[in-house]
Amino acid sequence: MYCFLEIVMIYHFEVILASYNGERFIEEQLLSILNQRNSVLNISVFDDGSTDKTCSIVEAMSDVYKNIRLFRRDVNTGSAANNFLIGLGQVLRTVEKDEYFIAFSDQDDIWVEDKLERAIIKSLSSPWDLYCSNLQMVHSGKRIGILRKDYPQRRHDFLFEGGSAGCTYIFQKRLGLAVDHTFRRINVDDWQSFSHDWFVYFVARYGAFKVFIDKFSSVNYRIHDTNVHGSLSTGSFNALLGKYKLLREGWFDACFFIKNITF
């Protein structure tokens with residue numbers, strides 16, 4: 001136990017939360033992140049031009065919790081994927097600590113209190129650059145089942161799907177640098193079905209980073225009328241067709257950057 005506590009004091013968590021009109025759920029989610037066990041963390045909320053009370057809620061919480069920062073965008077980035085990945089770049093260029101983990105967070109989930117702790121414990125027996133997991137689906141406050149993502153990794157599965165939903169992702173800084181380096185060198189403005197969970201998983205797998213998918217879920221994934229399901233729909237024919245079109249439109253031009261980065 002002493003060894004584990006030493007690790008969480010050395011390593012620091014930067015949580016990137018992408019928000020947009022999330023006033024119904026964001027306070028509960030932020031509190032669940034703040035309640036993480038044995039974790040030193042900062043939360044950067046990147047708001048994509050909300051027109052509701054989302055920013056007011058975050059600002060009020062940041063007055064109480066000094067490890068919450070709000071970054072407001074006057075112009076919408078066009079997608080949650082862009083919001084996350086642009087936010088990732090900002091965090092990488094502004095955080096002074098040399099060693100830290102990065103975690104993505106949706107605005108409407110609830111984190112179980114051991115989410116970050118469990119990922120670190122798993123890294124001791126199964127070293128990873130990218131940690132992801134199954135999801136516990138919740139609807140109207142009731143658990144309705146597990147969304148399973150811990151299937152064995154196949155040779156080319158990363159071409160068409162993410163490792164899991166991005167809200168389960170925790171990754172090493174060196175993978176974050178590779179993702180940011182690649183994202184800043186391609187133009188995704190006209191790409192349909194572009195998702196940050198797929199993009200990060202693609203970079204990780206193509207770049208030979210280590211990926212661990214946990215069978216246990218520490219995320220209560222809230223199903224409601226306004227959330228964006230992202231990777232949950234990647235198995236549909238239209239989603240697969242959309243990703244095939246991306247491949248034809250020059251996606252692999254970006255692969256050069258992944259294979260030629262050394263961190």
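**Close-up views of a predicted model**

View 1. Asp180 lies in helix α6, which spans residues 173–183. With a relative accessible area of 5%, Asp180 is below the 20% limit and therefore counts as buried.

**View 2. The chain as a whole.** The chain has 263 residues, of which 53% are buried. Its secondary structure consists of nine helices and 11 strands. Of the contacts between residues at least 6 apart in sequence, 81% join residues at least 24 apart. The accessible surface of the chain is about 12,900 Å², and carbon and sulfur atoms account for 51% of this area.

**View 3. The open sheet of seven strands.** The strand order is β3-β2-β1-β4-β9-β6-β10, and the pairing is mixed. At the edges are β3 and β10, each of which pairs on one side only. Direction ignored, neighbouring strands in this sheet are turned by 20 degrees against each other on average. Within the sheet, strand β1 (residues 12–19) pairs with strand β2 (residues 41–47) in the parallel sense, over seven bridges. Ile16 has Ser44 in β2 as its bridge partner.

**View 4. Strand β6 and its two partners.** Strand β6 comprises residues 130–133, and both of its faces are covered. Leu130 and Cys132 are buried on one side, and Tyr131 and Ser133 are buried on the other. With strand β9 (residues 170–172), β6 pairs in the antiparallel sense over two bridges. Here Leu130 stands opposite Phe171 of β9. With strand β10 (residues 211–214), β6 runs parallel, and four bridges join the two strands. Tyr131 has Phe212 in β10 as its bridge partner. In the strand order of the sheet, β6 thus has β9 on one side and β10 on the other.

**View 5. The open sheet of four strands.** This sheet has the order β5-β11-β7-β8, again with mixed pairing. Strands β5 (110–111) and β8 (142–147) have a single partner strand each and stand at the edges, so one side of each lacks a neighbour in the sheet. Strand β7 (residues 135–139) is joined to β8 by five bridges, and the two strands run antiparallel. One of the residues involved is His139, whose bridge partner in β8 is Lys142.

**View 6. A nonpolar surface patch around Tyr65.** Leu31, Val64 and Tyr65 form a nonpolar patch on the surface. Together these three residues have about 260 Å² of accessible area. Tyr65 is placed in the loop between α3 (54–64) and β3 (68–72). The relative accessibility of Tyr65 is 32%, so this residue counts as partly exposed.

Note on methods
Residues are numbered from 1 along each chain as its sequence is written. This is a predicted model: local features need pLDDT of at least 70, side-chain atom pairs count only at pLDDT 80 or more; totals for chains, interfaces and linings use all residues. Side-chain values use heavy atoms; hydrogens and water are left out. Patches are made of residues with over 30% relative accessible area and no salt bridge: like charges are joined within 9 Å, nonpolar side chains (Val, Leu, Ile, Met, Phe, Trp, Tyr) within 5 Å. Accessible areas come from the Shrake-Rupley method with a 1.4 Å probe; for residues, only the protein chains shown count as cover. A salt bridge is a side-chain nitrogen of Lys or Arg within 4 Å of a carboxyl oxygen of Asp or Glu. Buried means under 20% relative accessible area, exposed over 50%, partly exposed in between (1.4 Å probe, protein chains only). Two strands pair if DSSP finds at least two bridges between them. Axes are lines fitted to C-alpha atoms, for helices over the stretch in contact, and angles run from 0 to 180 degrees between N-to-C directions. Contact means heavy atoms within 4.5 Å.
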